[in-house]
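I'd like to walk you through a few spots in one model, so please have a look at it first.

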Amino acid sequence: QSTWDIIGVTKGHGFKGVTSRWHTKKLPRKTHKGLRKVACIGAWHPSRVSSTVARAGQKGFFHRTQINNKIYRIGLGAQAQIEAAKADGAGTKPKGNASTPFEPTVKDITPMGGFPHYGEVKNDYVMIKGCCAGCRKRVLTLRKSLMTHTKRRALEKIELKLIDTTSKFGHGRFQTRAEKHSFLGPLKKHAAAA
């Protein structure tokens, strides 16, 4: 339970105009030669365009550091779970890495159907509060926070009550495959396969 800085490269959006890049106001509908523009880019003198004026150009794919991210959990992957179970003398069956004291169901962190545009989490994972920079599968660098934290919000102990593993593709209803099977009962496709 600590705060970390996450360093990464943001999601790229290519060459964009001022409306998308700087969120400037669109001009009225009847504007000559386009309306997603800046109406006036500066006075006659000084006879240069100031660096503070919104202009079109590259949006995203920038190096950014997001500070003071709260780490909720560092979980073990499937192989590390098996090794930990062997060390404890509890056999070779993984215990699941998404269980909590309040919801002790044995389940993995991967939601039903996998994470969209990622798939299954097979290795160790870090769960943070909120989001982080960049697209899926992009490399991130984590470093310990450079600040000395004294506020209660940064020092409070977090106890996770439930890690939601329902499907992220549709209206997820079931936390595990076993729960889905017990609710729906035997399906025609399973009977045909048998």
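Let's begin with L155, which is exposed because its relative accessible area is 55%; here buried means under 20% relative accessible area, exposed over 50%, and partly exposed in between, with a 1.4 Å probe and protein chains only. L155 sits in helix α3, residues 152-155. Helices (H or I, at least four residues) and strands (E, at least two) are DSSP runs, numbered from the N terminus.

A quick word on ground rules: this is a predicted model, where local features need pLDDT of at least 70, side-chain atom pairs count only at pLDDT 80 or more, and totals for chains, interfaces and linings use all residues. Residues are numbered from 1 along each chain as its sequence is written, and side-chain values use heavy atoms, with hydrogens and water left out.

Which residues does L155 touch, beyond its neighbours within four places in sequence? They are K70, H149 and T150, where contact means heavy atoms within 4.5 Å.

That brings us to K70, found in strand β4. K70 is buried yet has no salt bridge, and the nearest side chain of opposite charge, E156, is 5.4 Å away. A salt bridge is a side-chain nitrogen of Lys or Arg within 4 Å of a carboxyl oxygen of Asp or Glu; for charge, Lys and Arg count as positive and Asp and Glu as negative, while His and the chain ends are not counted. What does the side chain of K70 reach? The backbone oxygen of A154, at 2.9 Å. Leaving out residues up to four places away in sequence, K70 also has contacts that include S2, M127 and I158.

Strand β4 spans residues 63-75, and I74 belongs to it too. With 62% relative accessibility, I74 counts as exposed.

Now for some backbone angles. Most residues other than glycine have a negative phi, and most peptide bonds are trans. H23 is not a glycine, but has a positive phi of about 60 degrees. H23 lies in the loop between α1 and β3, and counts as exposed at 65% relative accessibility. P46 is in the loop between α1 (18-22) and β3 (57-59), and the peptide bond from H45 to P46 is cis, with omega near 0 degrees.

Last stop: helix α4, residues 177-184. Is it buried or in the open? Zero of its eight residues are buried, so helix α4 lies largely in the open. Just after α4, G185 takes a positive phi of about 80 degrees.

Conventions: A polar contact is a pair of N or O atoms within 3.5 Å; within protein, one must be able to donate a hydrogen and the other to accept it, and residues adjacent in sequence count only if both atoms are side-chain atoms.
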